Amino acid sequence: MKTINGVYTFAVILLPVVLASVSWDDWWTYDGISGPAFWGLINPEWSLCSKGRRQSPVNLEPDKLLYDPNLRPFHVDKSRINGEIINTGHSVKFIPESINRYSINITGGPLSYRYQFQELHLHFGMQDKVGSEHTINGYAFPAELQLYGYNSQLYRNFTDAITRSQGVVAISLLIQLGDLSNPELRILTDQVEKLKYRGNKLEVRRLSIAELIPDTESYITYDGSTTMPACHETVTWLILNKPIYITKQQLHALRKLLQNDTKNPTAPLGDNYRSAQPLYNRLLRTNIDFNHDKDGEDHCPTMKKEVYYKANTWERH
């Protein structure tokens, strides 16, 4: 991609004029002159996307992790909820019914407040080697599920919280290919072919957010932002130290989804990820004890197949 001083300069100058009658939400994408490199240049209200210093996602490098023994286990309420899954044109998104929104709270971990589950976003690649927004030592997973909640003790709703200090929590579930899928992920993808076009919706019943989460208490946390415009730097991220699994068939179905409506159904929805942003001076804290587990024995938690943490380094087997 050319820089702002290159071939796209003329287009960037004209875009604010062209977009005067177009919704900003309809405009942005993940590629070209409406992609991440231009989010913060076109709309002044999105300036953090290009000027912020606490942006997400990030690449998680083992030698930058700081073990924090004070980090507690986190908790997600186990109620099953109903809602709808939507092709937004940017991602596959699950939103609970209004009556269910008070059912799921996220607490503990690095959080000082209670956060109420708001929505779920699915990012995925058109090829297996890309798709996740967060990366581990430069390695990308084929997909990533992000669970967003807002600080319900300080703020009235998600819209209010997303612009405020300690407003939002996001839990990242990195998704790896496997022979068997996470059962709750299967609920979300069972009829995904009906979400082919932007705006298509499906009812989802009795989804357990808690059972989407892999069986681990280990995580990495850092202060970051939303990974889509306006890139608000109000998010506490938790990236779990264990993936969940998706099958090739599920990924194949997701890759048939399109980001536009039936009038212009050409662009695929996949590859809907923002690339890793500079870490600057932020801390990557973890409750992973690289040297010992609770029994005092060597402990090597895994983030992905055939690569393991050990004494703050990566070893391939």
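Biologist: N137 lies in the loop between β8 and β9 (143–151). What value is phi of N137 near?

Modeller: Let me say first that this is a predicted model. Now the general idea: most residues other than glycine have a negative phi, and most peptide bonds are trans. In N137, phi is near 55°, which is a positive value in a residue other than glycine.

Biologist: Is N137 buried, exposed or partly exposed?

Modeller: The relative accessible area of N137 is 43%, so this residue is partly exposed, falling between the cut-offs of 20% and 50%.

Biologist: Which cysteine has a positive phi, and where is it found?

Modeller: C231 has a phi of about 60°, again positive although the residue is not a glycine. Look for C231 in the loop between β12 and β13.

Biologist: Then let us turn to peptide bonds. Which residues does a cis peptide bond join, with omega of about 15°?

Modeller: That bond joins P229 and A230. A230 has its place in the loop between β12 and β13. Another cis peptide bond joins S56 and P57, with omega about 5°. For P57, look in the loop between α4 and β1 (59–60).

Biologist: Next, the cysteines. How many disulfides does the count come to?

Modeller: The general idea is that a disulfide is a covalent bond between the sulfur atoms of two cysteines. Here the count comes to one disulfide. C49 and C231 are the partners, and their S to S distance is 2.1 Å. C49 lies in helix α4 (residues 48–51) and C231 in the loop between β12 (219–224) and β13 (235–240), so the pair ties together parts that are 182 residues apart in sequence.

Biologist: What is the torsion about the S-S bond of C49 and C231?

Modeller: The torsion is about 95°, so the disulfide of C49 and C231 is right-handed.

Biologist: Are C49 and C231 buried or exposed?

Modeller: C49 counts as buried, with 6% relative accessibility. C231 is also buried, at 0% relative accessibility.

Biologist: In which sense do β12 and β13 pair, and over how many bridges?

Modeller: β12 and β13 pair in the antiparallel sense, over six bridges. One place to look is I220, whose bridge partner in β13 is I239. With strand β10 (residues 168–177), β13 pairs in the parallel sense over five bridges. There, V168 stands opposite V235 of β13.

Biologist: Now a histidine. Where is H134 found, and is H134 buried or exposed?

Modeller: H134 is found in the loop between β7 (115–124) and β8 (135–136). The relative accessible area of H134 is 0%, so this residue is buried, because the cut-off is under 20%.

Biologist: Which residues is H134 in contact with, leaving aside its neighbours within four places in sequence?

Modeller: Among them are P57, W237 and I239.

Biologist: Finally, the whole chain. How many helices and strands are there, and what share of the residues count as buried?

Modeller: The protein chain has seven helices and 18 strands. Of its 317 residues, 52% count as buried. Among contacts between residues at least 6 apart in sequence, 69% join residues at least 24 apart. The accessible surface of the chain comes to about 15,300 Å², and 48% of that belongs to carbon and sulfur atoms.

Terms used:
Residues are numbered from 1 along each chain as its sequence is written. This is a predicted model: local features need pLDDT of at least 70, side-chain atom pairs count only at pLDDT 80 or more; totals for chains, interfaces and linings use all residues. Side-chain values use heavy atoms; hydrogens and water are left out. Helices (H or I, at least four residues) and strands (E, at least two) are DSSP runs, numbered from the N terminus. Buried means under 20% relative accessible area, exposed over 50%, partly exposed in between (1.4 Å probe, protein chains only). Contact means heavy atoms within 4.5 Å. Accessible areas come from the Shrake-Rupley method with a 1.4 Å probe; for residues, only the protein chains shown count as cover. A disulfide is a pair of cysteine sulfur atoms within 2.5 Å. Two strands pair if DSSP finds at least two bridges between them.
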